[in-house]
Structure formats: C-alpha cells, structure tokens
Amino acid sequence: RPLASNSNLSNRGYLLVGQGFIISPQKREQIATSERQSGALMKPYFSGRDLNGSRREQYAIDTYPLTQKQLEKGHPILYQHLRDNVFPERATNREMWRRQNWHWYGRTHEHLRSSIRDLDKTIVTARTAKHRCFSFERADAIFESEIICLAVAASWVLAALSSRIHQ
C-alpha cells in the first residue's frame, strides 16, 4: 500500500505550454529595471538539459495566481510581453481553460506549489536522463515538466537517493 506520508512528495515540474514565458537574463533585467514589482514574477528556469549538461541562465515568468486584470494593472510591461509572446499561441489552443487563462502555465500545478512552498531547496532529477542523478536546487525556481521535484530539503534523503544501493 502507498505510504500516506509520501503523498504529494514528488511532482512533475511545470507544463508551460508556451515558449513566451521563458526569457533571457537581459530581458529580465530590462523588465525589472522598468518595473521593480515584476522582479518576483521572473524566476530561474531549469530544463532537464540544464540539470544533466551545461547550464543556461534563463528565467520564466510565473503570474499565477494573478488575474489578467491584476497583471495588466500592476505589471503592465510584463503583461505586454506575455500578450505579445504567449497570447497568440494560446488563442488557438484547443483547451478552453488554456485559451481563457493564457497568462498562466498550462496547469496551475497546485500540488507542486503547495508541496515546496515552505522549502528553500528541493531535490530534483530529470525524467529523461540516461542515468538517474539527484541534486538540490532552489525551491522557488521553475522546473519544466521533464523534471521530477521531490518536496524534501533533508540532505540525508539526497544521500540515500544517490547511494549505490538505491541506484
């Protein structure tokens, strides 16, 4: 039987459904300089390639749970970027929810968000890796859907997962 203590312990990363959410460090700096309040909505972004190979410095815009009106009024530059780069793709999406909530990722990811909310770091691994490697990453980052996030910050768990017997 599944252990109740392990429920919501691991989650897939965020399914963005739109490359317009991903921005370069230069674009992040440009937006943050003009609109300081938007800095908290632009978080480090990791894909499986970043975990297993060379790291790229990228950021992802995460506007959940802001409404479109809140985003437009409180973060007009960020809103315009999403309107120009995410909305056109989402306007033709087959799912009504994704068309209506084009400024959010493809799902709200409540399980992942609630499981890592109070952590400063989380254990991650790429689902598509040839060899299973685990590492700590900052919990407030955005991990793409090919990454599994374990809502644990204890070093002994990382040691156990990385041990020869676990492998």
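His81 touches Gly20, Ile23, Lys27, Ile61 and Val86, leaving aside residues up to four places away in sequence. The model is predicted. His81 sits in helix H4, which spans residues 76-85. The protein chain as a whole has eight helices and eight strands.

**His81 and its surroundings**
- The relative accessible area of His81 is 12%. Buried means under 20%, so His81 counts as buried.
- Gly20 is one of the residues that His81 touches. The backbone oxygen of Gly20 lies 3.1 Å from the side chain of His81.
- Ile23, Lys27, Ile61 and Val86 are also among the residues in contact with His81.

**Fold and dimensions**
- Eight helices and eight strands make up the secondary structure of the protein chain. The chain is as compact as a globular protein of its length, because its radius of gyration of 17 Å is close to the 15 Å that the globule rule gives for 167 residues.
- Along the principal axes, the C-alpha atoms fill a box of roughly 50 × 35 × 30 Å.

**Burial and contacts**
- Of the 167 residues in the protein chain, 43% count as buried.
- Consider contacts between residues at least 6 apart in sequence. Of these, 61% join residues at least 24 apart.

**Surface and charge**
- The protein chain exposes about 9,800 Å². Carbon and sulfur atoms supply 50% of that area.
- The chain carries 25 positive and 16 negative charges.

Definitions and conventions:
Residues numbered from 1 in each chain as written. Predicted model: local features only at pLDDT ≥ 70, side-chain atom pairs only at ≥ 80, totals over all residues. Heavy atoms only, no water. Helix = DSSP H or I, 4+ residues; strand = E, 2+ residues; numbered from the N terminus. Rg over C-alpha atoms; globule rule 2.2 N^0.38 Å. Buried < 20%, exposed > 50% of the residue type's maximum accessible area, 1.4 Å probe, protein only. Contact = heavy atoms within 4.5 Å. Areas by Shrake-Rupley, 256 points an atom, 1.4 Å probe, with all protein chains shown as cover. Lys, Arg positive; Asp, Glu negative; His and termini not counted. Charge placed at Lys NZ, Arg CZ, Asp CG, Glu CD. Polar contact = N/O pair within 3.5 Å; in protein donor to acceptor, adjacent residues only side chain to side chain.
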